[in-house]
Amino acid sequence: QYNVRGGTFDENSVYINNVEVYRPFLVRSGQQEGLSVINADLVQSVGFSTGGFEAKYGDKMSSALDITYKRPKRTEGSITASMLGANGYLGIATKKLTWTNGLRYKTNKYLLGSLETKGEYNPSFLDYQTYLSWQPSKRWQVDFIGNISENNYNFEPKDRETKFGTLKNVKSFKVYFDGKEKDLFRTFFGSLSITNHLTPRTDISLIASAFSTKEQQRYDIQGQYWLTQTETSENLGVGTYMQHSRDYLKANVRSLKLMMQQRAGNHRVEGALTYKIEKIEENSAEYEYRDSAGYNIPHTGETLDMIYSMRARNNLDAKRIEAYLQDTWNFKSNDSVPTLYRLNYGVRYAHWDFNGESIVSPRASLNITPGWNRNLSFRVAAGFYYQAPFYKELRDTTMVNGVTYALLNKKIRSQRSIHALASMSYRFSMMNRPFKFTAEAYYKAISRLVPYSVDNVKVTYYGDNETSGHAAGLDLKLFGEFVPGADSWLTLSVMNTSMKLNGKNVPLPTDQRFALNLFFTDYFPGSTRWRMSLKLAYGLPFSAPHQELTSTPFRAPAYKRADIGMSYRLFDNQDGSRSSIFRNVWLGLDCLNLFGINNVNSYYWITDISGQQYAVPNYLTGRQINAKISVEF
């Protein structure tokens with residue numbers, strides 16, 4: 001799960017071989033979903049845009065991730081195993097057919113064992129992906145991609161103790177648990193593409209795809225807690241809470257896409273028409289009961305209410321039409337040393353019959369490479385980017401007798417973001433090694449925004465277009481070979497976001513003022529490699545759950561982390577000169593969170609009888625050691 005430039009986790013479109021892919025809907029924490037949809041062993045190329053992307057990418061406001069899976073040229077494979085799981089890859093190649101297979105297994109049991117909440121963690125994540133490509137002749141190509149993923153998350157908590165505060169104001173939070181959690185996220189995805197190369201410059205493809213997910217989130221967990229002021233042993237809060245959930249969701253998305261590419265002179269024209277059928281069934285029931293010092297919260301003296309109760313029984317059956325047309329034009333000036341230009345312009349159209357809305361998104365970008373320095377390039381881009389509501393944004397809530405009912409809002413409209421950005425890129429040599437420096441400034445004017453809150457990675461929308469806002473910032477990156485033959489990079493980002501809600505200007509829930517990332521690789525003599533990465537992030541705002549965003553605006557402490565790892569190449573046959581089936585054998589040892597820093601992930605809120613709330617931090621995992629072996633053949 002990732003968020004980009006102030007957007008939510010839902011504002012990122014992901015494509016694999018020109019087909020948009022989806023993720024589970026009910027996931028609320030990083031513990032529950034352990035594998036990315038992308039299998040790195042199968043990847044040939046990756047394209048990622050954090051704004052100002054082309055019209056061919058879907059209706060999301062923040063980013064576009066474009067993955068192309070590879071067609072191997074020979075039979076190859078690899079096997080990797082570590083304390084956190086294992087994965088295997090096998091690629092088969094003949095003259096007309098290629099077939100890649102990737103199997104991944106991951107368990108976070110060892111990793112989650114370092115959390116302050118002790119108990120029986122039994123998460124398991126299994127994923128199989130295959131890519132079959134057949135080229136019976138020079139004019140025809142048939143591609144099939146399949147993916148089966150099953151995430152099981154079973155958890156039976158026992159107890160937890162957290163100490164937080166300052167040196168002169170230390171609080172202790174102790175909980176004893178009963179109950180358990182049992183979640184299931186099972187997804188299937190498949191696409192079949194038939195491509196005809198009509199001429200050397202004209203391609204036409206018909207792509208059919210289907211996505212299906214079955215999700216179950218079930219837990220009954222009771223906790224009896226004591227919140228104590230350590231210096232005085234004063235009880236600040238004593239009570240019990242009970243959390244219950246029975247959330248069930250089934251979703252099916254089927255699509256048919258007709259795609260065309262035409263290359264004519266300096267132009268490359270591309271267009272597509274997509275028809276989608278979306279069906280979603282949800283049946284959810286959640287509640288949370290709290291008792292503080294023998295009193296039910298909220299305490300009215302007249303009624304017995306839950307502090308939170310939600311019911312949802314919804315069905316979505318909708319059809320969506322999407323189309324785009326764009327042109328990429330390469331041209332140059334008439335100077336003796338010409339300036340090179342690359343202009344991409346296009347328009348995207350979408351219509352959804354659920355709310356009857358049609359949206360039009362014009363987009364354009366211009367790349368300039370001056371003749372006086374071919375190592376320098378500039379880019380400007382602008383366009384309209386809509387966040388077409390899919391499911392989570394639709395869920396509007398109504399309170400009836402203390403119970404929140406989630407219904408689908410047919411009047412909702414697409415959120416809109418207008419992107420404007422300018423960037424530069426400079427390639428240079430230092431110490432006789434290649435480097436690249438990039439800088440990009442951006443501004444996003446956001447309107448018709450559906451407000452949302454974030455708890456861990458769960459995004460809860462208000463269900464109506466209530467506000468507007470902006471996101472602006474600057475991203476700097478230095479990439480190069482500080483050590484010959486080894487890539488390293490340093491990035492610095494600054495950002496400011498704001499939205500107007502209930503008459504107040506507040507930051508977006510994913511606002512992140514500063515981010516500093518370092519990845520450095522070094523070599524020891526011989527074949528041993530040492531690598532270290534450092535990540536820093538400052539200022540993630542948060543608020544109390546089940547309350548308005550404007551009521552408790554806080555910022556979490558800075559996120560600080562350092563990882564260090566060493567790897568040893570046990571066997572090197574990269575060029576295939578030796579008579580062995582192995583190309584590489586690597587042994588690795590990593591230390592994750594080297595300094596054991598307690599980074600805050602989210603907060604658990606304790607409420608006393610007077611209504612005062614205490615934010616008890618939920619910390620991420622501590623220091624971990626991971627051993628790994630990787631075999632390539």
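Guide: The side chain of asparagine 101 makes a polar contact with the side chain of tyrosine 128, at 2.6 Å; a polar contact is a pair of N or O atoms within 3.5 Å, where, within protein, one must be able to donate a hydrogen and the other to accept it, and residues adjacent in sequence count only if both atoms are side-chain atoms. The model is a predicted one, in which local features need pLDDT of at least 70 and side-chain atom pairs count only at pLDDT 80 or more, while totals for chains, interfaces and linings use all residues. Residues are numbered from 1 along each chain as its sequence is written, and side-chain values use heavy atoms, with hydrogens and water left out.

The side chain of asparagine 101 also makes a polar contact with that of threonine 130, at 3.4 Å. Asparagine 101 belongs to strand β7, residues 97-106 (strands are DSSP runs of E, at least two residues, and helices are runs of H or I, at least four, numbered from the N terminus). With a relative accessibility of 11%, asparagine 101 counts as buried (under 20% relative accessible area; exposed is over 50% and partly exposed lies in between, with a 1.4 Å probe and protein chains only). Apart from neighbours within four places in sequence, asparagine 101 is in contact with residues including Leu42, Gly88, Tyr89, Leu90 and Gln129, contact meaning heavy atoms within 4.5 Å.

The charged pairs come next. Side chains of opposite charge can pair when their charged atoms come close. The whole structure holds 20 salt bridges, each a side-chain nitrogen of Lys or Arg within 4 Å of a carboxyl oxygen of Asp or Glu. In one of them, glutamate 440 meets arginine 5, with 2.8 Å from N to O. This pair links distant parts of the chain, 435 residues apart: glutamate 440 is in strand β22 (433-449), and arginine 5 is in the segment before β1 (12-16). Glutamate 440 is buried at 15% relative accessible area, and arginine 5 is buried at 9%.

A salt bridge also joins lysine 392 to aspartate 10, the closest N and O atoms being 3.1 Å apart. Lysine 392 lies in the loop between β18 (376-387) and β19 (395-400) and aspartate 10 in the segment before β1, so the pair ties together parts 382 residues apart in sequence. Both lysine 392 and aspartate 10 are buried.

Finally, Glu20, Asp59, Lys276, Glu322 and Arg348 are linked in a network of salt bridges.
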